[in-house]
Amino acid sequence: MSRYFNETRKADKWTESLTDKLDIQDLLSPDEGDKEVAEEPAETRLRAVRQLILPVHHDIPLLTRKDESLAPAAESYRTLRTRLLRMQASQGIRSIVFSSALPGEGKTLTTLNLALCCSQIPNVRVLAVDADFRARGLTQLLGSPTGPGLSELLAGKATHDEAVLATNLPNLCVLPAGAITESPAELFATARWKEFIGWASETFKIVLVDAPPAFPLADFELISAACDGVVFVIRGGSTNRELITRAAAQVDPRKLLGSVFNMSQDTHGSDYRGYAASPLALKESA
C-alpha cells in the first residue's frame, strides 16, 4: 500500500539534486528543423480564437496576483515546471492530466497555476483544459466565460478555434468546460476527445488537463487514456493512503508521472501553508 509513496519520496530526493543543474532553455530547445515545422501551423490554428481577459481573484492564491505572500508557492511551481519539462524533453510528453483521489485536494488550482507558470517561458504555448464537467472549477476561475467550450467541441457543435480562448497573458490559452447537456462519460468516450488531444499536442508545447477525481467517476479513465501522462494532487496531511494508492493503480504505470503534495507546511519555518510546496515526487524510472 505504501510502495507508491516510498518510491515517489525516494525519487523526489533524486530529482531535487538535479533541479539546480537544469537549464530550462536547453530542455525547450528542439532541433531547428522541428521548430520551423511546428511554429507556423500553430500560429495559423490560433489566429481566429476568441480573446479572454483573466479575472483577478483577491481571495484565491493564483499566481496572477501581485502578492509577496505567494512567493514561496511561485518558487514551488517553478520547480514543478522544471521537473515536468525535463520529463517532457526525455519522454516526449505533451498532454498531462491532473487528478486526485477525492474532491477538494487542490488539483484545479494546481493546474491553472502551473499553466500560468509555464506560459512565462518565451515561445512556450500552454493550453489549460477544464475536463471536470461536474465541478467546472477551472471554468469558474476563468470567470465563467460565455460561448462554446469543451463539451460543445466533443458534441460536434463547435470547432477548435471556436472553443479555445486566448488570454491576455502571452502564450496562455484556455478551454472552459462549456454547457453540459450530455453525460460526461459519453462525451469523453467518443473519438473526438482523442482527436482533440492530438490537435492540442501539435498546437501547444504543453497541454494541462484538469480532470475529475479518480473515484467514483468513469470520466477519469476515459480522459487519461488519450493523454501522455498523469499527475495526482494530494492534499498535505491526507491519511487515506489506501484510496490514493487505488487511484494510482487505475493509471497505466508508464503514464503515472508522480504526485504534487498540495498545502504542505512551508520548509522555511514560517506559518505560510503553500500550494504545491512539495512540487513533484517523480517516479524513479523517469
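**Close-up views of a predicted model**

**View 1. Contact of helix 4 with helix 5.** Tyr77, Arg78, Leu80, Arg81 and Leu84 of helix 4 meet Leu109, Thr110, Asn113, Leu114, Cys117 and Cys118 of helix 5 (contact: heavy atoms within 4.5 Å; helices: DSSP runs of H or I, at least four residues, and strands: E, at least two, both numbered from the N terminus). These contact residues comprise seven nonpolar, two polar and two charged (nonpolar: Ala, Val, Leu, Ile, Met, Phe, Trp, Tyr, Cys and Pro; charged: Asp, Glu, Lys and Arg; polar: the others, Gly among them). This is a predicted model, in which local features need pLDDT of at least 70 and side-chain atom pairs pLDDT 80 or more, while totals for chains, interfaces and linings use all residues. Residues are numbered from 1 along each chain as its sequence is written, and side-chain values use heavy atoms, without hydrogens and water.

**View 2. Axes of helix 4 and helix 5.** The axes of helix 4 (residues 71–91) and helix 5 (residues 107–118) come within 9 Å and cross at roughly 75° (lines fitted to C-alpha atoms over the stretch in contact; angles from 0 to 180 degrees between N-to-C directions). The two helices are therefore roughly perpendicular to each other (65 to 115 degrees).

View 3. Glu152 lies in helix 7 (residues 150–154). Glu152 is buried but has no salt bridge, and the nearest side chain of opposite charge, Lys157, is 7.2 Å away (buried: under 20% relative accessible area, 1.4 Å probe, protein chains only; salt bridge: a side-chain nitrogen of Lys or Arg within 4 Å of a carboxyl oxygen of Asp or Glu; Lys and Arg count as positive, Asp and Glu as negative). Leaving aside residues up to four places away in sequence, Glu152 touches Lys157, Ala158, Ala177, Gly178 and Ala179.

How values were computed: Parallel < 35°, antiparallel > 145°, perpendicular 65-115°, else oblique. Buried < 20%, exposed > 50% of the residue type's maximum accessible area, 1.4 Å probe, protein only.
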